[in-house]
Amino acid sequence: MALDNKIDNQDKPSIQDMIAKKKNGKNLTSITEKVIPVLLFLIAAVSIFTTIGIVYTLLIETIEFFKRVPVMDFFTGTALKPLSQNPEFGVLPLINGTIISSIIAMLVAGPIGIMTAVFLSEYASERVRRTLKPMLEILAGIPTIVYGFFAFTFVTPLIREVFPSVEATNILSPGLVMGVMIIPMIASLSEDAMTSVPNAMREGALALGATKLEVTFRVVIPAALSGIIASFVLGISRAIGETMIVTIASGSSKNFTFDITQSMQTMTAYIVEVSGGEAPAGSTIYFSLYAVAMTLFVFTLLMNLLARYVSRKFREEY
Amino acid sequence: MATLTKPNIKVKRQVISEEEATSEVAATTKQNVHKKTVYDTKDLNLWYGDTHALKDINLSIYEKEVTAIIGPSGCGKSTYLKTLNRMVELVPSVKTSGVITYKDKSILDKSFKVEDLRTKVGMVFQKPNPFPKSIYENIAYGPKIHGIRNKKILDEIVEKSLRGASIWDEVKDRLKENAYGLSGGQQQRICIARCLAIEPDVILMDEPTSALDPKSTLRVEELIQELKKDYSIVIVTHNMQQAARISDRTAFFLNGEVVEYDETDKIFTNPSDNRTEDYISGRFG
């Protein structure tokens with residue numbers, strides 16, 4: 001063998017020689033190696049700078065708004081009449097509308113989402129799972145404007161058929177439809193969390209004589225709780241930020257009420273309405289847009305921070 | 001340990017091989033009448049899809065003994081163990097034929113409630129698999145799902161089980177802590193305690209020490225010797241010395257068949273099949 005190699009080496013250059021030749025020949029490679037990381041950093045920085053830019057703009061305009069309207073009036077006012085002779089800028093009706101629509105949405109999405117996840121991860125056969133999961137993902141891909149029209153032209157009339165006292169625009173219908181929209185998100189994230197619970201844990205419980213239901217609810221769900229709660233919080237955050245459905249189906253009356261059969265406005269819908277052309281730049285109503293947007297931003301930020309905290313806190317280590 | 005097990009073995013001697021001296025056969029079979037079986041396996045065959053994993057298994061497992069199952073990887077020893085509490089059914093494509101009776105009840109019948117069987121037959125796995133809960137909750141899980149809710153009774157069960165698994169002294173001050181904070185050997189004893197908490201008749205152990213260091217292994221082996229007084233134990237092991245040290249009876253599996261099943265002393269000193277001898281002397285496997 002050794003002899004054969006020697007003969008070979010005389011005929012053609014050794015592999016090491018070829019590698020060395022290639023290395024000397026191309027200085028370009030080493031330049032690319034140095035440039036690429038810098039380039040990648042700049043690209044990654046785009047999103048960071050954008051965020052900083054948005055927060056900066058929001059902050060500047062919000063400060064301008066609070067120079068005209070006292071902070072207390074804004075956060076404790078129950079009346080929002082931006083266009084009246086004596087305009088009032090209480091944000092509570094909007095916060096109320098946002099919270100109520102989110103609660104309705106979560107009442108739909110929470111239970112249905114988690115039950116779907118339980119079915120998919122614990123009970124469905126591989127075949128069923130492979131068909132159902134993509135279908136869920138299609139549901140997640142429907143544009144929200146379609147959901148909005150669905151709420152306005154289908155769900156609301158349906159509700160009014162049963163309860164005629166319900167107004168033509170109300171918070172109930174978009175809340176329910178928003179829930180349907182969030183189901184795939186909760187189902188899919190919770191299912192991921194449950195599927196990643198090691199099988200050894202299920203086996204441990206089964207070997208103690210536990211039924212499948214006991215394994216699911218007393219081992220798998222507790223072990224996946226951090227992921228499940230995180231999916232809930234992300235769902236809430238999605239509901240708070242949802243715009244089109246509530247804009248279309250809940251009208252624009254700025255009632256401060258807890259009656260879900262009435263029209264209410266959410267923070268997002270207010271922004272749509274006002275930025276739709278009624279606000280001349282530099283007017284108080286124009287600046288109110290930023291104050292509301294800032295409030296909304298803080299809301300979703302808090303939700304996302306909560307999601308991170310919760311998923312760390314409730315993690316059952318395994 | 002040897003002095004402790006030796007006299008017992010003489011009493012329990014059971015004859016399977018026909019090569020045994022006839023006079024001895026008469027004597028031993030007579031003595032064996034008193035030894036009750038917990039499991040009787042008759043003509044058990046098992047397939048994973050098209051793979052014939054267990055072939056015509058005939059085995060009896062005796063009460064309050066340690067039965068070791070040895071054999072090379074893929075010989076079907078773990079599969080057989082999992083058939084005893086029907087955990088093998090978790091594999092979707094599994095098919096069985098033949099009969100296994102547990103205390104005269106045919107357990108492979110679909111009408112037999114598998115939860116009842118597993119309440120009587122505990123299992124300890126190869127890799128420690130405590131639940132991601134506190135030590136206390138790990139032990140109390142079994143009693144709780146079987147309807148025991150009284151806090152005082154649960155406290156007693158937890159202490160008794162942890163003592164039974166000789167880990168009480170190490171964990172009594174940290175019962176509320178997550179079981180995953182313990183070492184591998186401690187986790188395995190927690191799993192044994194979890195199994196003891198519902199007071200089963202049989203404990204199945206699937207290579208319980210293969211993920212443990214030598215010191216922890218020794219502790220678990222000592223524990224098995226202790227548990228033998230109250231429980232019938234079936235243990236699958238890769239470690240032949242372990243089988244020789246702790247078991248009363250040993251079955252040697254090869255390619256899905258039982259090559260030889262006899263008391264441990266006989267298997268390790270005077271096996272009747274050449275393949276057994278080759279395996280225990282390290283010629284293959």
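Eight bridges connect strand β1 (residues 37-48) of chain B with strand β4 (residues 94-102) of chain B, and the two run antiparallel. Strands here are DSSP runs of E with at least two residues, helices are runs of H or I with at least four, and both are numbered from the N terminus. Two strands pair if DSSP finds at least two bridges between them. Across this pairing, B:W47 faces B:K95 in β4(B).

A word on the model before going on: it is predicted, so local features need pLDDT of at least 70 and side-chain atom pairs count only at pLDDT 80 or more, while totals for chains, interfaces and linings use all residues. Residues are numbered from 1 along each chain as its sequence is written, chains are lettered from A and ligands numbered from 1 in the order in which they are written, and side-chain values use heavy atoms, leaving out hydrogens and water.

The open sheet to which these strands belong has four strands in the order β2-β1-β4-β5 (chain B), with antiparallel pairing. At its edges stand β2 (51-62) and β5 (105-106) of chain B; each has a single partner strand, so one side of each is left without a neighbour in the sheet.

## The six-stranded sheet of chain B

Chain B also has an open sheet of six strands, ordered β6-β7-β8-β3-β9-β10, and here the pairing is mixed. The edge strands are β6 and β10 of chain B, each with a single partner strand, so one side of each lacks a neighbour in the sheet. On average, neighbouring strands of this sheet are turned by 15° against each other, direction ignored; axes are lines fitted to C-alpha atoms, for helices over the stretch in contact, and angles run from 0 to 180 degrees between N-to-C directions.

B:A251 takes part on both sides: it is the bridge partner of B:I69 and stands opposite B:Y261 in β10(B). The hairpin of β9(B) and β10(B) has two residues between the strands, and B:N255 there takes a positive phi near 50°.

Five of the seven residues of β10 (residues 257-263) of chain B are buried, so this strand is largely enclosed by the rest of the structure. Buried means under 20% relative accessible area, exposed over 50%, and partly exposed in between (1.4 Å probe, protein chains only).

## Aromatic pairs and charges over rings

Over all chains, a search of the whole structure finds 14 aromatic pairs. In one of them, the ring centres of A:F65 and A:F74 lie 5.3 Å apart with planes at 75°, so the pair is edge-to-face. Rings of Phe, Tyr and Trp (its six-membered ring) pair if their centres lie within 6.5 Å; planes under 30 degrees apart count as stacked, over 60 as edge-to-face and the rest as tilted. A:F65 is buried at 0% relative accessibility, and A:F74 is buried at 2%. Together with A:F66, A:F75 and A:F89, they form one aromatic cluster.

In chain B, the rings of B:F131 and B:Y141 have centres 4.7 Å apart and planes at 55°, so this pair is tilted. Both residues are buried. The charged end of B:R194 sits over the ring of B:F131, 4.4 Å from its centre; this requires NZ of Lys or CZ of Arg within 6 Å of the ring centre and within 35 degrees of the ring normal.
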